[in-house]
Amino acid sequence: MVVFGCSTASYWEEYSKVNGEIYNHKELKERLKSHVFRTGSDCEVIAHLYEKYGEEFVNMLDGMFSFVLLDTRDNSFIAARDAIGITPLYMGWGLDGSTWFASEMKALSDDCERFMSFLPGHIYSSKTGGLRRWYNPTWYAEQIPSAPYEPLVLRKAFEKGSPDLRAAREVADYLGTRHHEFHFTVQEGIDALEEVIYHTETYDVTTIRASTPMFLMSRKIKSLGVKMVLSGEGSDEIFGGYLYFHKAPNKEEFHEETCRKIKALHLYDCLRANKSTSAWGLEARVPFLDKEFIDVAMGIDPEWKMIRPDLGRIEKWILRNAFDDEENPYLPKHILYRQKEQFSDGVGYSWIDGLKDHANQQVTDAMLANASFVYPENTPTTKEGYYYRTVFERFFPKNAARSTVPGGPSVACSTAKAVEWDAAWSKNLDPSGRAALGVHVAAYDEAKSANEAPAINGSPIKE
């Protein structure tokens, strides 16, 4: 985090502590021509916007951020988090009546009796003493949109919302890309599990499975001297890319599920992407979670997002089709239309199988049978989940800590609601994409044993 002050006199009047990046800071500075900026940081604009507009400025910000701002004139303060929760923020309360904020849960556990994940798209004001939502897009109400699908509009919205993507393409075109591969063994991943759980501050099975290879990859990327990477978080949530969406019964339920998934990103994929990379001082930016792009994508009639094998439409077809340019192809056809692989599956099927084998060695049948007595809240239902929970509880023993982690049944990363789409799924609850029986080409009951070591391609972080 960085700290900035803002003054119109000989003393500082506002201080802001910021974690993140404000992409439109140059545009915002045009509204603040009478203000004196003392640094070249994009985040300094926050204090100046507050000075001019008061608390109602957060919606002007385009970027990923969490911040706390103190107004020394009356000792009031505000805290806010970006629209989707790309950067982490926690809020806690001490027994002495104090209110605390931190980007990591572990920073609050000693001083706060209770703490929680700060809701994305919200602002807290000490003047009113409560949270209110500043981000109010049309899709948030889960009403079914009706805008027609226009591939070029979708592509331009993505490119417009991602200055880093344009710059990256220019550099790649000029210099040519250098492909990096990073291989790790299952044992190396298992050896890193405790570190991963400590840094990600979760015991969610899906998150830990995917965070571990991302954590190891971030270490490698940082060692190459790279400071920032682009990552694809949000695309599967916006476009219904997970394999369980094959079973969506109609466009209404499809759309409602995408809304639920986007609202929960701060508890899963955004948490993973930020904390797994930040552990090594690497910054991950997520172009798919640009506010304008989300508005365009979530305004399209969900009938176009529905997976229709009879029409040749696989998962995320509308996104793939928008970039299917015959004259200037972005990707080879067989890559562009390749079946979705969840990150934890895509690094190599032996990774998840190895995790399950390791958990079976650590957790006995008797331990799992008594899980509801040991862990009555969010009770683990598998030995793998039980093992992660024991490690988490060792680092974060407070009730408030375990309550920050979501729970509920899931298949192939679905919400609990979507499990209802296929009766057979209730007997095969596992967050892996291979749990989507009859959909994944290497589903669990069809998978062949794999002996290869998991591998991560250095180019995309998330498919």
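1. In the hairpin formed by β3 and β4, four residues lie between the strands, and Asn75 adopts a positive phi near 60°. Strands here are DSSP runs of E of at least two residues, numbered from the N terminus.

2. The model is predicted: local features need pLDDT of at least 70 and side-chain atom pairs count only at pLDDT 80 or more, whereas totals for chains, interfaces and linings use all residues. Residues are numbered from 1 along each chain as its sequence is written, and side-chain values use heavy atoms, with hydrogens and water left out.

3. Strand β3 (residues 63–71) runs antiparallel to β4 and is joined to it by six bridges; pairing requires at least two DSSP bridges between two strands. Within this pair, Phe67 stands opposite Ala80 of β4.

4. β4 also pairs with strand β8 (residues 122–125), in the antiparallel sense and over three bridges. Here Ile78 is opposite Ser125 of β8.

5. Strand β4 (residues 76–81) is largely enclosed by the rest of the structure, because five of its six residues are buried (under 20% relative accessible area, 1.4 Å probe, protein chains only).

6. The structure holds five cavities of 30 Å³ or more. A cavity is a set of points, on a 1 Å grid over the protein atoms alone, where a 1.4 Å probe fits but cannot get out; lining residues have an atom within 4 Å of a point. The second largest cavity contains about 100 Å³ of space, a volume being the space filled by probe spheres set on the points. Of its 14 lining residues, Tyr90, Ser117, His266, Leu267 and Leu271 are the closest to its centre.

Conventions
On a 1 Å grid over the protein atoms alone, a cavity is a set of points where a 1.4 Å probe fits but cannot get out, and a pocket is an open set with protein on both sides within 12 Å along at least five of seven lines; lining residues have an atom within 4 Å of a point. Buried means under 20% relative accessible area, exposed over 50%, partly exposed in between (1.4 Å probe, protein chains only).
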